[in-house]
Each structure stands twice: as structure tokens, then as C-alpha cells.
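Subject: Structure handover

Dear colleague,

I am passing on the structure below, followed by notes on what was found in it. Please read the notes with the structure open beside them.

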Amino acid sequence: MKKQELHRGRLIDHIQLVVRDLDASRRFYLAVFEALQVPVGGTGDDYFWADELFVSTADSQAAQGELTGRHHLAFQARDRAMVEAFHRAALAHGGRDHGAPGERPYHPGYYAAFALDPDGNNIEAVYHGEAERSASSVKIVF
């Protein structure tokens, strides 16, 4: 049996968005993932995924015929430039502006941008300021 290797954080194992127009979502998210330097993990006729995010059509086996509701997802950015690249990519690939890059009042150094994806989900890229990570991700091999 072939081993798989996954990288995960601590709280979320995965999130699934079930979308109306997979092609529109694929254009949006693939551009956003490229700006955030997150590789796509896999694709199929009715889905694609990267890290913890799985996006599919309502017809996919995993969706069981139902669209998901409106969500807010915040993606991590390495620096302010990456937040700005995310926002440009999102708007150039079918997203709608929901907050230009800038400081937010949530805590000192919180720099973020927001875009609505083709289904109206509020997608954010955030840089929390200078910080030291213990690891780039959690590696799981099974």
C-alpha cells in the first residue's frame, strides 16, 4: 500500500466548500493558491483540493447533493506582499473586493485583505506580523 503524506495544523482537519460553478471556483482558488504559494493537492472532474480545503460540486460523492452556506476562511500569508498578491489574484480571477489590503484593529500588526469568492464566501489572507514558527506544517504519514 502506498503511503500518503499530509500537512495539517492543529484545529481544522479539513473544510469542504460545495460550489455552484466549479470552473469559476477553480479559476479563483488556483490563482489564490498560487499567490499564497500553496500547492494543489489533487483535482478531479467534480472537485479539487489543497491542504485542508476541499472544493466540489453538489454532484460529487462527498457533497451528498447539497451546497454549503456562506463561510469565512482566513488563509495564512508569509508577509504583507503575499496578502497584497492574494488580493490582486482574487480580484483578477472572479473574486469581488471585500476589503483592500491594510491593517485591521484585531491586534497590532494584523494585516489582511478580503475577497468574496464566486459563491459569496468571505476569503481572507492574513499576516499577523513578525513571528517565529516552530515548523512550517505538521507532517502526517500513513
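G44 has Y47 in strand 4 as its bridge partner, where strands are DSSP runs of E with at least two residues, helices are DSSP runs of H or I with at least four, and both are numbered from the N terminus. Strand 3 and strand 4 (residues 47–50) run antiparallel and are joined by three bridges; two strands are said to pair if DSSP finds at least two bridges between them. These strands belong to an open sheet of four strands in the order 2-5-4-3, with mixed pairing. Its edge strands are strand 2 (15–19) and strand 3 (42–44), each of which pairs on one side only. Helix 1 packs on the sheet and touches strand 2, strand 3, strand 4 and strand 5 (53–57), its direction making about 15° with that of strand 4; contact here means heavy atoms within 4.5 Å, and angles run from 0 to 180 degrees between N-to-C directions, with axes fitted as lines to C-alpha atoms, for helices over the stretch in contact.

This is a predicted model, in which local features need pLDDT of at least 70 and side-chain atom pairs count only at pLDDT 80 or more, whereas totals for chains, interfaces and linings use all residues. Residues are numbered from 1 along each chain as its sequence is written, and side-chain values use heavy atoms, with hydrogens and water left out.

Turning to helix 2, its buried residues are M82, V83, A85, F86, H87, A89 and A90, buried meaning under 20% relative accessible area, exposed over 50% and partly exposed in between, with a 1.4 Å probe and protein chains only. Among the elements that cover these residues are helix 1 (22–36), strand 7 (96–103), strand 8 (111–116) and strand 9 (122–127). Just after helix 2, G94 takes a positive phi of about 100°.

Strand 8, one of the covering elements, is itself mostly covered, with six of its six residues buried. Strand 8 pairs in the antiparallel sense with strand 7 over five bridges and with strand 9 over six bridges. A115 stands opposite D97 and also opposite I123 in strand 9. Strand 8 and strand 9 form a hairpin with five residues between them, and G120 in the turn has a positive phi of about 90°.

With best wishes
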